[in-house]
Amino acid sequence: MTLPSHPFGTEITCEAIIAQMATANGWEDRYRNVIQLGKKLPAMPEELKQDQLKVSGCESQVWLTHQQREDGTFHFAADSDARIVRGLITLVLAAFEGKSADQIQAFDIDGYFEQLNLIAHLSPSRGNGLKAIVEQIKTLAED
């Protein structure tokens, strides 16, 4: 099955998201930006929303799958039943989509999240869920 394509990591990059967040006026603006980004994430086909694709450690339901292309880069598809989590997924996909395993492992995700100035505003469970998504991607990139 072909995974749905999305603009994250290609047209919508980490740098673009950092720039967008830098112009936000406070947490409410950042929150709105994250929700808007989540609206650009295509829905994952229902047949892919299987238990084995669920990310453990997330309070909301999150599904994550991937394909490794012939050139060694990864294509990810993810979805959630929560709007804010869909937005947070887009932040992660912007960082890892289209990257090789080495690039995924080397990416400074903590520095990226720090630049977005979001983590301090997330509930502990949301922050842990976000970290669980990142860890799942890094694990997929080890295989």
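This is a predicted model: local features need pLDDT of at least 70, side-chain atom pairs count only at pLDDT 80 or more; totals for chains, interfaces and linings use all residues.
Start with the core. The largest nonpolar core has 43 residues. Ile17, Phe76, Leu91, Phe96, Tyr112 and Leu116 have the most contacts inside it. Two strands, E1 (62-68) and E2 (74-80), each give two or more residues to this core. So do the helices H1 (14-22), H2 (26-39), H3 (83-96), H4 (101-106), H5 (109-116) and H6 (124-140). H3 gives the most, with 10 residues. A second, separate core has 6 residues, including Leu3, Leu48, Leu53 and Ala77. As a general matter, nonpolar side chains in soluble globular proteins tend to be buried together.

Next, look at Phe96, one of the residues with the most contacts inside the largest core. Residues up to four places away in sequence are left out here. Phe96 then touches Phe74, Phe76, Ile104, Phe107, Ile109, Val134, Ile137 and Lys138. Val134 sits in helix H6. Its relative accessibility is 3%, so Val134 counts as buried. Beyond its neighbours within four places in sequence, Val134 is in contact with Val92, Phe96, Ile109 and Phe113. The C-alpha atoms of Val134 and Val55 are 9.9 Å apart, although 79 residues separate the two along the chain.

Now turn to H1 and H5. Their axes lie 8 Å apart, and the helices pack at an angle of about 30 degrees. Angles under 35 degrees count as roughly parallel, so H1 is roughly parallel to H5. On the H1 side, the contact uses Cys14, Ile17, Ile18 and Met21. On the H5 side, it uses Tyr112, Gln115 and Leu116. By class, the residues of this contact are 6 nonpolar, 1 polar and no charged.

H2 and H3 pack at an angle of about 80 degrees, with their axes 7 Å apart. Angles from 65 to 115 degrees count as roughly perpendicular, so H2 is roughly perpendicular to H3. H2 brings Tyr31, Val34, Ile35, Leu37 and Gly38 to the contact. H3 brings Arg83, Ile84, Arg86, Gly87, Leu88, Thr90 and Leu91. These residues divide into 7 nonpolar, 3 polar and 2 charged.

Gly87 lies in helix H3. Its relative accessibility is 0%, so Gly87 counts as buried. Neighbours within four places in sequence aside, Gly87 is in contact with Val34 and Gly38. Both of these partners belong to the H2 side of the contact.

Finally, the rings. The structure holds 5 aromatic pairs. One of them joins Trp27 and Tyr31. This pair is edge-to-face, with 5.6 Å centre to centre and 65 degrees between the planes. Both residues lie in helix H2, 4 residues apart, about one turn of the helix. Trp27 has a relative accessible area of 21%, so this residue is partly exposed. Tyr31 is partly exposed too, at 34%. Elsewhere, ring pairs link Phe96, Phe107, Tyr112 and Phe113 into a cluster.

Definitions and conventions. Residues are numbered from 1 along each chain as its sequence is written. Side-chain values use heavy atoms; hydrogens and water are left out. A nonpolar core is a set of buried Ala, Val, Leu, Ile, Met, Phe, Trp, Tyr and Cys residues joined through side-chain atoms within 4.5 Å. Buried means under 20% relative accessible area, exposed over 50%, partly exposed in between (1.4 Å probe, protein chains only). Contact means heavy atoms within 4.5 Å. Axes are lines fitted to C-alpha atoms, for helices over the stretch in contact, and angles run from 0 to 180 degrees between N-to-C directions. Angles under 35 degrees count as roughly parallel, over 145 as roughly antiparallel, 65 to 115 as roughly perpendicular and the rest as oblique. Ala, Val, Leu, Ile, Met, Phe, Trp, Tyr, Cys and Pro count as nonpolar, Asp, Glu, Lys and Arg as charged, and the others, Gly among them, as polar. Rings of Phe, Tyr and Trp (its six-membered ring) pair if their centres lie within 6.5 Å; planes under 30 degrees apart count as stacked, over 60 as edge-to-face and the rest as tilted.
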